[in-house]
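Look over the sequence and the fold before reading on.

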Amino acid sequence: LRMRASKRCRNARLRATEPTRGPIYARFVTDSPAVIPHAPLLDPIVECEVLLRLDRPLPAREAPWTAQEVEAAIGAALGGIEVAECRFPMDALPAMAAILADGAGNGRYVVGPEIPGWREADLAAMPVALEVDGVRRRIGCGADAMGHPFRVLLWLAEALRRRGEGLAAGELVSTGTCTGMLRPARGQRLRARFGDDCKVDLAFA
């Protein structure tokens, strides 16, 4: 799974001058509903993100990718919760190169269900909310991810293409937080809502 930091608040926190990217390894990805032990986590931050699954590859090539080509490669848009972690003290972050070497703050990821009608829906206008123990704590929308989640995938495909790299069919791309950042506590139960009918559940043990 490839994750992206596309929201200004997180980029400002990392002191990034452009969107950042990093991997999340398969052993740290789980399906909703999920339970994650809190104690082993390193300064965790929770973010609600639209997750895109590719059904077609976007390989390395000479010609730039178009928005239409990238959108056609998407097989599903799902709800997701990223649990970002940082191996550096958040109050004394090092230079950007060290943060990228740290996987851009990668950690755990909870994959939710497909967003109903995502291809016909206006994902930019879709409300996204984060509830903690039944209380709404954060709210945003799909447009918080670079104006539209699909634009994030286009940016990533182009960034990789310029390096002679690409994306494979079946890969998951998380498009950046729609709800800002929240520090979770042990014992809390979180629910991310994407529109009316997509829910992602995560509890911290």
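In this predicted model, strand β3 (residues 29-31) pairs with strand β7 (residues 108-114) in the parallel sense. The pairing spans 3 bridges. Strand β7 also joins β6, this time antiparallel, through 5 bridges.

**Strand pairing**
- Val83 faces another β7 residue: it stands opposite Arg108.
- In a regular strand, side chains alternate between the two faces of the sheet.

**Nonpolar cores**
- The largest nonpolar core holds 42 residues.
- Leu58, Ile115, Leu153 and Phe194 have the most contacts inside this core.
- Elements giving two or more residues to this core include β4 (34-36), β5 (45-54), α2 (67-73) and β6 (74-84).
- Also among them are β8 (127-132), α4, β11 (189-194) and β12 (198-204).
- Helix α4 gives the most, with 7 residues.
- Another core, of 7 residues, lies apart from the largest one. Its members include Ile24, Leu51, Ala76 and Val111.
- In soluble globular proteins, nonpolar side chains tend to be buried together.

**Phe194 contacts**
- Not counting residues up to four places away in sequence, Phe194 touches Cys48, Glu49, Val50, Gly79 and Gly80, among others.
- Its contacts also include Ile115, Met126, Pro127, Val128 and Val200.

**Glu158 in helix α4**
- Glu158 is found in helix α4 (residues 149-161).
- Glu158 counts as buried because its relative accessibility is 12%, and buried means under 20%.
- Leaving aside neighbours within four places in sequence, Glu158 is in contact with Pro64 and Trp65.

Definitions and conventions. Residues are numbered from 1 along each chain as its sequence is written. This is a predicted model: local features need pLDDT of at least 70, side-chain atom pairs count only at pLDDT 80 or more; totals for chains, interfaces and linings use all residues. Side-chain values use heavy atoms; hydrogens and water are left out. Helices (H or I, at least four residues) and strands (E, at least two) are DSSP runs, numbered from the N terminus. Buried means under 20% relative accessible area, exposed over 50%, partly exposed in between (1.4 Å probe, protein chains only). Contact means heavy atoms within 4.5 Å. A nonpolar core is a set of buried Ala, Val, Leu, Ile, Met, Phe, Trp, Tyr and Cys residues joined through side-chain atoms within 4.5 Å. Two strands pair if DSSP finds at least two bridges between them.
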